[in-house]
Structures are given as structure tokens and as C-alpha cells.
Amino acid sequence: MRPARGRAFVAVGIAGVSLAGCGSRTLSITSEPSGALVSLNGDEVGRTPLEVGFRYYGQYDVRLRREGYEPLAANPWAAAPWYEYPPIDVVLLPFPIETRIDWHFELEPAASTGDAPEARDALIERAGELRERTESGG
């Protein structure tokens, strides 16, 4: 092999490897009802429905909040598709790959506490009792 061809082969190889991971990874998060505030691994990312890019596969901490509904905490997995495992991911270098993972969450209506001022007063009373017990050591 002539040196020029050898260098060209190496250049093509380096260019191919530099393209590894090209494409996009997107989490699509929806909820019923929509409009829930979403926190992903502790960072607020928006309201449902939303799409957000991600870098790694694995388990995520997802929290949703919406007024009038119980807060929801979940730990769904973003599983790597077959084409993201070595050596397949290297073989598919020239093609941009788009990965999309869809998560849907159902929010439950908040439990009715009856008359709000009475529920608040009962909570304050219970908190005072707890404080007295902890201060007295038992």
C-alpha cells in the first residue's frame, strides 16, 4: 500500500470514529392531565407534554406536580436500544440515529380534606403535639 493511500485510509477511519454517537436522544414525557411540572433528576425541565434531550441510558428520577393533583414520583428506565450497543453502534456510524423514549404518567386527583381551614388547624395541632413529645424526649 502506498503511503498516500494509507494516510487516506487512516483519515477515513478517524472521520468515521469522530461521527460516533451522531443523532439525537429524546425523552417524550406526557401526563394525564397535561400541564404538570416535570423535574428530571432534580432539575425542572418544563410542563407536560414536553420533549427533552438526554445523554445516558439508565434509571431516571422523575417527579410531576400539578395543582389539584397528588405529586407523583417515579423511577423509569431509559433502556438502550439494540443499535446502541458495541460493536453495532460503531458499524452504524455513517447514519444519524434518532432515539425517542416515551413516558406517560397518570396523576391522581388530590384527596379531599374537607374544609381547608379545619384541616390546616388539625395539622398545626398535630405538629405542636409532635414538637412537645420530641422536646420532652419521648
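How many helices and strands does the secondary structure of the protein chain come to? The protein chain comes to 3 helices and 9 strands, where helices (H or I, at least four residues) and strands (E, at least two) are DSSP runs numbered from the N terminus. The model is a predicted one, in which local features need pLDDT of at least 70 and side-chain atom pairs count only at pLDDT 80 or more, while totals for chains, interfaces and linings use all residues. Residues are numbered from 1 along each chain as its sequence is written, and side-chain values use heavy atoms, with hydrogens and water left out.

Along the sequence, the elements of the protein chain follow the pattern α-β-β-β-β-β-β-β-β-α-β-α. Of the 138 residues in the protein chain, 24% are buried; buried means under 20% relative accessible area, exposed over 50%, and partly exposed in between, with a 1.4 Å probe and protein chains only. Among the contacts (heavy atoms within 4.5 Å) with a separation of 6 or more, 56% are between residues 24 or more positions apart.

Arginine 47 in β3 is the bridge partner of leucine 37. The two strands β2 and β3 form a hairpin with 2 residues between them, and asparagine 41 in the turn has a positive phi of about 55 degrees. Strand β2 also pairs with β6 (residues 62-65), in the antiparallel sense and over 4 bridges. Here the bridge partner of serine 39 is arginine 63 in β6. In a regular strand the side chains alternate between the two faces of the sheet. In β2 both faces are covered, with Leu37 and Ser39 buried on one side and Val38 and Leu40 buried on the other.

An open sheet of 3 strands has the order β4-β1-β9, with mixed pairing. Because β4 and β9 stand at the edges and each has a single partner strand, one side of each is left without a neighbour in the sheet. Neighbouring strands of this sheet are turned by 25 degrees against each other on average, direction ignored. Strands β1 and β9 run parallel and are joined by 10 bridges. Isoleucine 29 stands opposite tryptophan 103 in β9.

Serine 31 is found in β1 (residues 23-32) and counts as buried at 6% relative accessibility. The side chains of serine 31 and threonine 48 are joined by a polar contact of 2.6 Å. A polar contact is a pair of N or O atoms within 3.5 Å; within protein, one must be able to donate a hydrogen and the other to accept it, and residues adjacent in sequence count only if both atoms are side-chain atoms. Leaving aside neighbours within four places in sequence, serine 31 is in contact with Ala36, Thr48, Leu64, His104 and Phe105.

The largest nonpolar core has 19 residues, and those with the most contacts inside it are Val62, Leu64, Trp103 and Phe105. Such a core is a set of buried Ala, Val, Leu, Ile, Met, Phe, Trp, Tyr and Cys residues joined through side-chain atoms within 4.5 Å. Two or more residues of this core come from each of β1, β2, β4 (50-53), β6, β7 (72-74) and β9 (97-106). Strand β9 gives the most, with 3 residues. Not counting residues up to four places away in sequence, leucine 64 touches Ser31, Ala36, Leu37, Val38, Thr48, Pro71, Leu72, Phe105 and Leu107.

The structure holds 4 aromatic pairs. Rings of Phe, Tyr and Trp (its six-membered ring) pair if their centres lie within 6.5 Å; planes under 30 degrees apart count as stacked, over 60 as edge-to-face and the rest as tilted. Phenylalanine 54 and tyrosine 60 form an edge-to-face pair, at 6.4 Å centre to centre and 90 degrees between the planes. Phenylalanine 54 is buried with a relative accessible area of 9%, and tyrosine 60 is buried with one of 4%. Ring pairs link Phe54, Tyr56, Tyr57, Tyr60 and Trp103 into a cluster.

Methods
Pairing = 2+ DSSP bridges. Axes fitted to C-alpha atoms, helices over the stretch in contact; angles between N-to-C directions.
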